[in-house]
Amino acid sequence: MESLLGLLRVRIIRGVNLAIRDTSGSDPYVVLRMGRQKLKTSVKKNNVNPEWNEDLTLSVSEPLVPIILQVYDKDTFSRDDKMGDAEFEITSFIDSVKMGLTDLPNGTIIRTVKPCRQNCLAGESPILWKDGRIIQDIVLRLRNVETGEIELQLMWIDIPGAPAF
(Lines give C-alpha, C1' and ligand atoms only; values in the text may rest on other atoms or scores of the structure.)
Protein backbone atom coordinates (compact mmCIF):
# COMPACT_ATOMS: atom_id res chain seq x y z
CA MET A 1 0.00 0.00 0.00
CA GLU A 2 1.26 3.46 -0.90
CA SER A 3 1.63 6.06 1.83
CA LEU A 4 1.45 9.76 1.02
CA LEU A 5 4.73 11.48 1.91
CA GLY A 6 3.86 15.04 0.90
CA LEU A 7 3.52 17.35 -2.06
CA LEU A 8 6.11 18.26 -4.65
CA ARG A 9 5.71 21.70 -6.19
CA VAL A 10 7.31 21.77 -9.64
CA ARG A 11 7.74 25.29 -10.96
CA ILE A 12 8.06 25.18 -14.75
CA ILE A 13 10.18 28.28 -15.28
CA ARG A 14 10.93 28.45 -18.99
CA GLY A 15 11.83 26.69 -22.21
CA VAL A 16 15.02 27.52 -24.07
CA ASN A 17 15.57 27.11 -27.81
CA LEU A 18 12.60 24.77 -28.30
CA ALA A 19 12.00 23.15 -31.67
CA ILE A 20 9.96 24.90 -34.34
CA ARG A 21 6.98 22.75 -35.34
CA ASP A 22 4.80 25.12 -37.43
CA THR A 23 5.58 27.58 -40.20
CA SER A 24 5.01 30.49 -37.81
CA GLY A 25 6.93 28.94 -34.87
CA SER A 26 5.51 26.84 -32.04
CA ASP A 27 2.82 27.14 -29.38
CA PRO A 28 4.42 25.07 -26.59
CA TYR A 29 3.01 23.65 -23.39
CA VAL A 30 4.45 21.17 -20.86
CA VAL A 31 2.85 18.00 -19.51
CA LEU A 32 4.15 16.44 -16.27
CA ARG A 33 3.38 12.81 -15.43
CA MET A 34 4.16 10.88 -12.28
CA GLY A 35 2.44 7.53 -11.92
CA ARG A 36 -1.24 8.17 -12.66
CA GLN A 37 -1.00 11.94 -12.15
CA LYS A 38 -0.95 14.23 -15.18
CA LEU A 39 -0.67 18.03 -15.06
CA LYS A 40 -0.04 20.63 -17.75
CA THR A 41 0.96 24.25 -18.17
CA SER A 42 -0.75 26.91 -20.23
CA VAL A 43 0.03 27.27 -23.95
CA LYS A 44 2.49 30.01 -24.92
CA LYS A 45 1.62 31.30 -28.39
CA ASN A 46 4.28 31.53 -31.10
CA ASN A 47 7.30 31.26 -28.78
CA VAL A 48 10.32 28.92 -28.83
CA ASN A 49 11.72 30.55 -25.65
CA PRO A 50 8.56 30.61 -23.49
CA GLU A 51 8.37 31.90 -19.91
CA TRP A 52 5.81 29.95 -17.90
CA ASN A 53 6.68 30.47 -14.21
CA GLU A 54 3.79 28.12 -13.40
CA ASP A 55 3.53 25.83 -10.38
CA LEU A 56 2.29 22.26 -10.81
CA THR A 57 1.82 20.20 -7.63
CA LEU A 58 2.20 16.42 -7.48
CA SER A 59 1.32 14.07 -4.61
CA VAL A 60 4.36 11.99 -3.68
CA SER A 61 3.95 8.46 -2.32
CA GLU A 62 6.25 5.54 -1.72
CA PRO A 63 7.53 3.87 -3.80
CA LEU A 64 9.02 6.78 -5.68
CA VAL A 65 8.54 6.80 -9.44
CA PRO A 66 10.30 9.02 -12.00
CA ILE A 67 8.67 12.17 -13.32
CA ILE A 68 8.17 12.36 -17.07
CA LEU A 69 8.09 15.77 -18.73
CA GLN A 70 6.77 16.15 -22.28
CA VAL A 71 6.62 19.28 -24.41
CA TYR A 72 3.98 19.68 -27.12
CA ASP A 73 3.11 22.24 -29.79
CA LYS A 74 -0.59 23.11 -29.59
CA ASP A 75 -2.34 22.77 -32.96
CA THR A 76 -5.90 23.84 -33.71
CA PHE A 77 -6.88 21.55 -36.59
CA SER A 78 -4.57 18.57 -36.09
CA ARG A 79 -3.01 16.49 -33.36
CA ASP A 80 -0.54 18.38 -31.14
CA ASP A 81 3.08 17.90 -32.25
CA LYS A 82 5.68 16.41 -29.92
CA MET A 83 8.53 18.81 -29.08
CA GLY A 84 10.61 16.46 -26.94
CA ASP A 85 10.56 14.76 -23.57
CA ALA A 86 12.70 14.23 -20.49
CA GLU A 87 12.64 12.09 -17.38
CA PHE A 88 14.06 12.78 -13.94
CA GLU A 89 14.24 11.04 -10.57
CA ILE A 90 13.41 12.77 -7.30
CA THR A 91 15.14 10.22 -5.02
CA SER A 92 18.09 12.51 -4.13
CA PHE A 93 15.69 15.40 -3.49
CA ILE A 94 13.45 13.27 -1.22
CA ASP A 95 16.54 11.90 0.60
CA SER A 96 17.56 15.52 1.29
CA VAL A 97 14.08 16.34 2.63
CA LYS A 98 14.20 13.24 4.86
CA MET A 99 17.35 14.58 6.55
CA GLY A 100 15.10 16.92 8.56
CA LEU A 101 17.40 19.91 8.21
CA THR A 102 16.53 23.26 9.81
CA ASP A 103 18.09 26.69 10.21
CA LEU A 104 20.83 26.33 7.61
CA PRO A 105 22.44 29.46 6.15
CA ASN A 106 20.56 30.59 3.04
CA GLY A 107 22.13 29.13 -0.12
CA THR A 108 23.71 26.11 1.60
CA ILE A 109 24.16 23.30 -0.94
CA ILE A 110 22.99 20.00 0.57
CA ARG A 111 24.05 17.85 -2.37
CA THR A 112 24.52 18.10 -6.12
CA VAL A 113 23.04 15.73 -8.69
CA LYS A 114 25.38 15.30 -11.65
CA PRO A 115 24.31 14.67 -15.25
CA CYS A 116 24.78 11.09 -16.47
CA ARG A 117 23.42 8.67 -19.05
CA GLN A 118 20.54 7.71 -16.71
CA ASN A 119 19.12 11.25 -16.42
CA CYS A 120 18.31 14.16 -18.74
CA LEU A 121 20.16 16.83 -16.77
CA ALA A 122 21.88 19.45 -18.93
CA GLY A 123 24.28 20.29 -16.08
CA GLU A 124 24.82 19.86 -12.35
CA SER A 125 21.64 20.26 -10.33
CA PRO A 126 22.13 21.63 -6.80
CA ILE A 127 19.76 20.74 -3.97
CA LEU A 128 19.94 23.65 -1.57
CA TRP A 129 18.47 25.43 1.42
CA LYS A 130 16.73 28.65 0.43
CA ASP A 131 14.36 30.79 2.48
CA GLY A 132 13.78 28.01 5.02
CA ARG A 133 13.04 25.32 2.42
CA ILE A 134 14.83 22.67 0.40
CA ILE A 135 14.73 23.37 -3.33
CA GLN A 136 16.36 21.92 -6.43
CA ASP A 137 17.09 23.87 -9.61
CA ILE A 138 17.01 21.65 -12.69
CA VAL A 139 17.74 22.18 -16.39
CA LEU A 140 16.54 19.25 -18.50
CA ARG A 141 17.81 18.58 -22.01
CA LEU A 142 14.90 17.33 -24.11
CA ARG A 143 15.21 13.94 -25.83
CA ASN A 144 13.73 12.77 -29.13
CA VAL A 145 13.99 16.25 -30.64
CA GLU A 146 16.65 18.31 -32.36
CA THR A 147 16.90 21.05 -29.72
CA GLY A 148 15.50 22.40 -26.47
CA GLU A 149 15.81 22.62 -22.70
CA ILE A 150 13.32 23.16 -19.89
CA GLU A 151 14.25 24.95 -16.67
CA LEU A 152 12.35 24.02 -13.52
CA GLN A 153 12.55 24.13 -9.75
CA LEU A 154 11.42 21.56 -7.18
CA MET A 155 10.14 22.49 -3.72
CA TRP A 156 8.77 20.19 -1.00
CA ILE A 157 5.49 20.89 0.82
CA ASP A 158 4.76 18.96 4.03
CA ILE A 159 1.21 17.76 4.65
CA PRO A 160 -0.03 18.02 8.24
CA GLY A 161 -0.83 14.53 9.51
CA ALA A 162 1.25 12.76 6.86
CA PRO A 163 3.62 10.12 8.28
CA ALA A 164 7.00 11.56 9.23
CA PHE A 165 10.02 10.42 7.26
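## Terms and model

Buried means under 20% relative accessible area, exposed means over 50%, and partly exposed lies in between, using a 1.4 Å probe and protein chains only. By that rule Asp85 is buried, with a relative accessible area of 15%.

This is a predicted model: local features need pLDDT of at least 70 and side-chain atom pairs count only at pLDDT 80 or more, while totals for chains, interfaces and linings use all residues. Residues are numbered from 1 along each chain as its sequence is written, and side-chain values use heavy atoms, with hydrogens and water left out.

## Overall build

The protein has 1 helix and 10 strands. Both kinds of element are DSSP runs numbered from the N terminus: helices are H or I with at least four residues, strands are E with at least two. From the N terminus on, the order is β-β-β-β-β-β-α-β-β-β-β.

The C-alpha trace spans about 50 × 35 × 30 Å along its principal axes. Of the 165 residues, 41% count as buried. Contact means heavy atoms within 4.5 Å. Among contacts between residues at least 6 apart in sequence, 58% join residues at least 24 apart.

## The sheet

An open sheet holds 6 strands in the order β4-β1-β10-β9-β8-β7, with antiparallel pairing. Its edge strands are β4 (51–61) and β7 (109–113), and each pairs on one side only. Two strands pair if DSSP finds at least two bridges between them. The twist averages 20 degrees from one strand to the next. Axes here are lines fitted to C-alpha atoms, for helices over the stretch in contact, and angles run from 0 to 180 degrees between N-to-C directions.

Strand β1 (residues 4–16) pairs with β4 in the antiparallel sense over 9 bridges. Within β4, Glu51 stands opposite Arg14.

## Salt bridges

A salt bridge is a side-chain nitrogen of Lys or Arg within 4 Å of a carboxyl oxygen of Asp or Glu. The count comes to 10.

Asp55 and Arg9 form one of them, at 3.7 Å from N to O. Asp55 lies in β4 and Arg9 in β1, so the pair ties together parts 46 residues apart in sequence. Arg9 is buried at 11% relative accessible area; Asp55 is partly exposed at 37%. Arg9, Arg11 and Asp55 are linked in a network of salt bridges.

Arg14 meets Glu151 at 3.1 Å, N to O. This pair links distant parts of the chain: Arg14 is in β1 and Glu151 in β10 (residues 149–157), 137 residues apart. Arg14 is partly exposed, at 30%.

Arg143 bridges to Asp85, with the closest N and O atoms 2.9 Å apart. Arg143 sits in the loop between β9 (133–141) and β10, Asp85 in β6, and 58 residues separate them. Arg143 is partly exposed, at 34%.

## A buried charge without a partner

Asp75 lies in the loop between β5 (67–73) and β6 (81–88). Asp75 is buried yet has no salt bridge. The nearest side chain of opposite charge is Arg21, 8.5 Å away. For charge, Lys and Arg count as positive and Asp and Glu as negative; His and the chain ends are not counted. Leaving aside neighbours within four places in sequence, Asp75 is in contact with Asp22, Asp80 and Asp81.
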